[in-house]
Amino acid sequence: MPEPRNLNLALPFFRHSIECPENPALVLDDKVLSYFELASLAARIAGWLRASAHADSGKTRVAIVASRSLEAYAGILGACWAGAAYVPINPKLPAHTLRQILQVAQPRAIIVDAAGWTRLEESGAIGEVPVLPPGSLQAASVLDGISALEQPVPVPGDQAAYVIFTSGTTGAPKGVIIRADSVRHFLDYGRSVYELDCRDRFSSFSEVSFDFSVLDLWLAWDSGASLHVVPEAQLLGPAKFIREHQLTFWASVPSVIGFMDRLKQLKEGSFPSLHISYFCGEALPLAAALAWQRAAPNSVVDNHYGPTESTVACSVERLSDPPRTTPGRDIIPIGRAYPGMRLAIVDEAGRFLPPGETGELALSGPQIAAGYLGAPELTQARFPQLEHPEFGSSRWYLTGDLALEDSGGCFHHLGRVDYQVKILGHRIELEEVDAHLREVCGCGSAAAVAWPVHHGTADGIVAFVAGSSLGPGEIMSRLKARLAPYAMPREIISLPSLPLTQNGKTDRKALLSMLEEREHAIES
Amino acid sequence: MEAREKIRVRIQEILSRRGDDQPFGDQDSLIFSGRIDSLNVLEIVGFLEEEFHLDISEVDFDQTQFDSLESIAALV
């Protein structure tokens, strides 16, 4: 029997570190790390994971609580090198949420940067598992005397590559388990569509805790290219960064285009070095796509679609001339499935609907997640086995997205079937915000709405509470201890009581109408 | 009113809307401390354009320039 293929994500990196050791792998602030240098660090981290945590075999998880730091990137590479699944966690999350995630993730070891260390201390999780403290990657540290793991350990396709946590409706985050062969399928597709090599320069815009980073980080390192980390201070307006680093591959959520446009950074021909512009994570408005195309005339502008449960993305539409749009929404369609993946529309009973009919978007194929960590019932509900009239019985993921397939086989996103909203690409369940609001207010009546919303993308959240003795300031400061910064309401409005629907549920539409009326009153 | 004072009033309005009534010093961090968000930054940009005719396209934009009252006042 042939030996199973080694799908360790760090393997291509290891090969590049031998074939072209001097090539830049990571550009972070003023530092440039070559493939050789970063591979040496990863090998030592992997050695430490083996020595102190026995986290060098399959089925173990290593948490990385770090952001835009050497610890974040080398930590992820090192965890993969050791054959563990990595669990990236944003150190900006409140200690409460960090503790919830660690309880579910049960990591064998934790790698942190300075911000992650502070948060970990606040969460009280230090002392439970070995932690590689910040600064360990410099000389004279706990890594001294550790024998490095010479090369990435074999990882079979069915082993988890990473677990990424997203918002859950009950207030507890859920961990999406992605297998090594799913990531390989996703990356192989990227390599086949874009002609990439070691001369390419990729942006690293997203936090590593957001699955978008799987694209830029691993596609860059698969190709032997360099990864350029956008500093936090330039996330709103990265024009100068793109020019100074002569980036060839840009990947971000579309909201950034709106910010840059507002800052007058999208002048015609501003970014001649860009060849590929990869947008994903939320709806791409036509006007934004065209503004970007003018600024990046030598680049393709691709709108990718996919939830975390489909390994970053599984369908794509390229901006064309004339552009195709989703009727009535002025957004670029979500397009067609990647080869090997399937998109379909189902009704509430899980029956497949023909083109032209609106229903819930379901996804199938090798990139579909193994499920949610420690949540078999939720996994079974969201990943059912469905009988397709043409393709037979297979496992599908129900996205909660409303969509339709047009007569030409192109898919269009039409909103949500539930109360999930996207802010800067982050998934936020409004019911989760409700749950936290009710707890901190000690009242039964609280509801969050997304406001304002343009092209199906929300700018922020406004919260309504009724019957709470706390003022908005107190509610905000208590919420801060529980919600991620992007999920925080931008305003809290106290009402005598909340409007209800006929079924006795909070009437979010009525709350939105109140906000619309208020805005019109201000304008007139 | 001096430019700095006008900007101070505007920032106070934004913080108050966010339920933040804590005082802020001229050099206190607003963005990186999480007291204001990216949309608030754009709101301040709009205010500077309107009130002080700032040409944002001439500014080599970096959020550190908007992180404190002092650095914002230095832009106008």
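Lys264(A) counts as partly exposed because it has 17 C-beta neighbours inside 10 Å, where a residue is called buried if 20 or more other C-beta atoms lie within 10 Å of its own, exposed if 12 or fewer, and partly exposed in between, with C-beta atoms placed from the backbone. Phi of Lys264(A) is near 55°, a positive value in a residue other than glycine, and Lys264(A) is placed in the loop between α9 and β12 (276-279) of chain A; helices (H or I, at least four residues) and strands (E, at least two) are DSSP runs, numbered from the N terminus. This is a predicted model, in which local features need pLDDT of at least 70 and side-chain atom pairs count only at pLDDT 80 or more, while totals for chains, interfaces and linings use all residues. Residues are numbered from 1 along each chain as its sequence is written, and chains are lettered from A and ligands numbered from 1 in the order in which they are written.

**Confidence**

- The model scores ipTM 0.90 and pTM 0.91.
- Chain B averages a pLDDT of 91, with 100% of the residues scoring at least 70, pLDDT being the predictor's confidence in each residue, from 0 to 100.

**Other backbone features of chain A**

- Asp29(A), which is not a glycine, also has a positive phi, of about 55°, and is found in the loop between β1 (24-28) and β2 (31-34) of chain A.
- Asp29(A) counts as exposed because it has 10 C-beta neighbours inside 10 Å.
- The peptide bond from Asp321(A) to Pro322(A) is cis, with omega near 0°, and Pro322(A) sits in the loop between β14 (315-318) and β15 (336-337) of chain A.
- A cis peptide bond also joins Trp451(A) and Pro452(A), with omega about -15°, and Pro452(A) is in the loop between β25 (445-450) and β26 (453-454) of chain A.

**A β-α-β unit in chain A**

- β9(A) runs parallel to strand β10 (residues 226-229) of chain A and is joined to it by 4 bridges, where two strands pair if DSSP finds at least two bridges between them.
- Within β10(A), Ser226(A) is the bridge partner of Arg201(A).
- Together with helix α7 (residues 212-223) of chain A, β9(A) and β10(A) make a right-handed β-α-β unit; right-handed means that, with the strands pointing away from the viewer, the path from the first strand over the helix to the second runs clockwise.

**Contact between chains A and B**

- The contact takes 20 residues from chain A and 19 residues from chain B, two residues being in contact if their C-beta atoms, placed from the backbone, lie within 7 Å.
- On the side of chain A that touches chain B, α9 (255-262), α13 (472-480) and β29 (489-495) of chain A each supply at least two residues, and α13(A) gives the most, with 4 residues.

**Domains of chain A**

- The domain assignment of chain A gives domain 1 (1-179), domain 2 (194-339), domain 3 (344-361 + 379-418) and domain 4 (422-523), with bounds that come from an automatic or database domain assignment.
- The centres of domain 1 of chain A and domain 4 of chain A, taken over C-alpha atoms, are separated by 36 Å.
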